[in-house]
Amino acid sequence: MTSQRGSVTLIGAGLTGPLLAICLMQRGLPVRLYERRPDMRRVRISVGRSINLALSTRGIHALRQAGLWSEIEKIIIPMRGRMMHSVAGELTFMPYGKDETEVINAISRADLNIALMNAAERCGVPIQFHERCTGFDLQTGALHLRNGGTDAETTIAADVVIGADGAGSAIRADMLKLPRFNFSQHYLDYGYKELMIPARADGTHVFEPHALHIWPRGTFMLIALPNIDGTFGCILFLPFEGETSFAALDTESKVLSFFEAQFPDALHLMPALAENFFSNLTGAMVTIKCSPWQVDGKALLLGDAAHAIVPFFGQGMNCAFEDCTYLLELLDHNGPDWSALFSGFERSRKADTDAIADLAIENFVEMRDRVADPRFLFRKTVELELGKKYPGLFVPKYAMVTFHRTPYAVAARRGTTQDRILAELCDSVQRLEDIDWEKAEVLVHHELTPLAGV
Ligand SMILES: Cc1cc2nc3c(=O)[nH]c(=O)nc-3n(C[C@H](O)[C@H](O)[C@H](O)COP(=O)(O)OP(=O)(O)OC[C@H]3O[C@@H](n4cnc5c(N)ncnc54)[C@H](O)[C@@H]3O)c2cc1C
């Protein structure tokens with residue numbers, strides 16, 4: 001058995017593993033990283049999951065703290081709002097925030113992953129690819145690995161193992177065997193399929209690049225995020241089963257007719273639609289909650305391994321990066337007493353990750369269904385107005401989650417109160433001019449002042 005005493009062993013070189021590895025190395029703590037996939041910089045592999053992601057304040061903060069933001073900033077496209085596409089092809093733009101500073105940023109998952117792995121290696125982190133963790137003995141500290149190319153099995157003696165190995169975590173699987181380990185997983189009835197809209201011949205985007213495009217259709221939707229190469233990464237969200245579902249779209253002609261009827265303005269821009277539709281897997285979306293996240297300072301779960309969420313608030317990665325921020329703040333204050341550090345981390349974080357899991361489900365309904373509803377759009381306009389009138393006091397829920405680092409649980413609580421205020425102001429009114437602003441003043445001060453500040 002090879003010994004790895006004295007260093008931190010990280011499992012998973014996805015998005016969070018390399019970031020944490022860099023930050024630990026910067027603090028003088030040696031790290032080794034094991035990843036089950038081959039090295040995507042050398043072998044062409046599908047990175048799986050969404051093609052591109054929305055990166056926002058929490059993620060940016062963590063990257064900035066690690067000294068990586070100036071590099072990552074070069075490969076993002078800011079998106080200022082949602083661009084809704086009706087079946088007739090009419091476009092409606094809804095800004096995300098109060099001004100140009102409140103944007104979310106599209107980034108290619110592969111480019112980000114590569115940038116993080118390069119930076120980790122520059123810091124001296126050894127990354128062993130094609131090494132799948134097959135188990136971790138929490139009693140003895142024996143970590144088992146299997147090489148994906150040769151099938152060779154290795155066992156390593158590890159002091160501290162951090163599982164950044166995603167929603168299907170192998171480290172969590174071993175924790176599941178412990179007494180009183182709490183675990184829940186809930187799959188949506190919806191799946192997702194990654195598709196692509198190519199760039200124009202001159203390399204430019206076919207739609208407005210500074211927007212997240214949505215084709216909301218009630219019980220399903222298509223979204224598209226811009227890439228810096230002029231393409232759009234698209235995701236179709238559709239029920240697995242039923243009349244309008246992935247199961248029902250089982251031939252090329254059915255797929256093309258479905259797109260013709262529902263997303264005609266996208267269809268003629270997707271020449272490889274049918275081919276992509278049938279060659280790309282249909283992904284599942286799961287919410288995972290578990291506790292404890294750590295075992296006696298020997299093992300810790302982080303990111304999706306501890307708290308996978310559905311993608312509709314664009315927060316999974318941002319939340320996972322914020323895990324690093326919280327963990328490192330505690331480490332900087334208290335030093336590497338792993339047991340105290342890991343349990344302190346879980347105490348400071350669990351309520352927040354539970355809250356964002358619930359908010360993400362709530363946003364699913366909003367994106368798929370309500371963004372096409374004029375009443376909802378009116379409420380959003382009033383919400384933005386209240387945000388401008390009472391900065392720091394009335395902060396739209398989306399903004400608290402996306403543009404601030406307000407703890408998610410606080411954002412959820414304040415958001416519920418704000419939703420009540422909005423309902424009271426908007427329900428019997430059609431136009432902004434008819435809002436009772438005096439009542440708004442009273443409600444905002446009376447209901448929101450007592451709550452903790454943002
Ligand atoms: C469709 C979709 C869209 C999304 N959009 C967004 C978005 O816009 N914004 C956002 O913030 N989040 C988004 N997310 C969520 C985001 O992808 C995840 O939250 C994020 O990737 C979590 O990072 P992680 O490092 O915890 O896990 P991952 O990025 O999944 O990395 C885990 C790594 O561990 C490796 N691994 C797994 N098992 C083993 C093993 N046994 N041994 C060794 N290595 C292993 C994997 O190969 C992988 O490299 C989206 C997710 C989906 C599905």
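This is a predicted model: local features need pLDDT of at least 70, side-chain atom pairs count only at pLDDT 80 or more; totals for chains, interfaces and linings use all residues.
In soluble globular proteins, nonpolar side chains tend to be buried together. The largest nonpolar core of this model has 71 residues, and the residues with the most contacts inside it are Leu-19 and Ile-171. Helix 10 gives the largest share of this core, contributing seven residues. Apart from its neighbours within four places in sequence, Leu-19 is in contact with Ala-62, Leu-63, Ala-66, Leu-68, Leu-116, Phe-321 and Cys-324.

## Helix 12 and its surroundings

Helix 12 covers residues 374-389, and its 16 residues reach 23 Å from the first C-alpha to the last, which is close to the 22 Å expected at 1.5 Å a residue. At the start of this helix, a side-chain oxygen of Asp-373 comes to within 2.9 Å of the backbone nitrogen of Arg-375.

The buried residues of helix 12 are Phe-376, Phe-378, Lys-380, Val-382, Glu-383, Leu-384, Leu-386 and Gly-387. An α-helix has 3.6 residues a turn, so residues three or four places apart point the same way. The elements against which the buried residues of helix 12 pack are strand 5 (81-85), strand 6 (91-95), helix 11 (338-368), helix 13 (397-402), helix 14 (408-426) and helix 15 (437-448).

When its neighbours within four places in sequence are left aside, Gln-418 is in contact with Leu-393, Phe-394, Val-395, Pro-396, Lys-397, Met-400 and Leu-448.

## Salt bridges

Side chains of opposite charge can pair when their charged atoms come close. The model has a count of 25 salt bridges. One of them joins the side chains of Arg-37 and Glu-35, with 3.2 Å from N to O, and Glu-35 counts as buried at 6% relative accessibility. Another pairs Arg-41 with Asp-39, whose closest N and O atoms are 3.0 Å apart; here Arg-41 is partly exposed, with a relative accessible area of 23%, whereas Asp-39 is buried, with a relative accessible area of 7%.

A further salt bridge is formed by Glu-322 and Arg-58, with the closest N and O atoms 3.1 Å apart. This pair links distant parts of the chain, since Glu-322 belongs to helix 10 (residues 316-334) and Arg-58 to helix 2 (residues 57-65), and the two are 264 residues apart. Both partners count as buried, Glu-322 at 1% relative accessibility and Arg-58 at 0%. Elsewhere, salt bridges that share partners join Asp-39, Arg-41, Arg-42 and Glu-121 into one network.

## Cysteines without disulfides

The structure holds zero disulfides. For Cys-133, the closest cysteine sulfur is that of Cys-290, and because the two sulfurs are 15 Å apart, they are too far from each other for a bond. Cys-133 is buried, with a relative accessible area of 7%.

Cys-324 is likewise in no disulfide, and its nearest cysteine sulfur, in Cys-23, is 6.2 Å away. A disulfide would need the two sulfur atoms to be within 2.5 Å. Cys-324 is buried, with a relative accessible area of 1%, and is among the contacts of Leu-19.

Most residues other than glycine have a negative phi, and most peptide bonds are trans. In this model a cis peptide bond joins Ser-291 and Pro-292, with omega about -5°. Pro-292 lies in the loop between strand 16 (282-291) and strand 17 (294-295).

Positive phi values are found at His-130 and Asp-151, neither of which is a glycine. The phi of His-130 is near 60°, and this residue lies in the loop between strand 8 (127-128) and strand 9 (131-137), where His-130 is partly exposed, with a relative accessible area of 27%. The phi of Asp-151 is about 70°, and Asp-151 lies in the loop between strand 10 (142-147) and strand 11 (153-163); at 54% relative accessibility, Asp-151 counts as exposed.

Notes:
Residues are numbered from 1 along each chain as its sequence is written. Side-chain values use heavy atoms; hydrogens and water are left out. Buried means under 20% relative accessible area, exposed over 50%, partly exposed in between (1.4 Å probe, protein chains only). A salt bridge is a side-chain nitrogen of Lys or Arg within 4 Å of a carboxyl oxygen of Asp or Glu. Helices (H or I, at least four residues) and strands (E, at least two) are DSSP runs, numbered from the N terminus. The expected span of a helix is 1.5 Å times one less than its number of residues. Contact means heavy atoms within 4.5 Å. A polar contact is a pair of N or O atoms within 3.5 Å; within protein, one must be able to donate a hydrogen and the other to accept it, and residues adjacent in sequence count only if both atoms are side-chain atoms. A nonpolar core is a set of buried Ala, Val, Leu, Ile, Met, Phe, Trp, Tyr and Cys residues joined through side-chain atoms within 4.5 Å.
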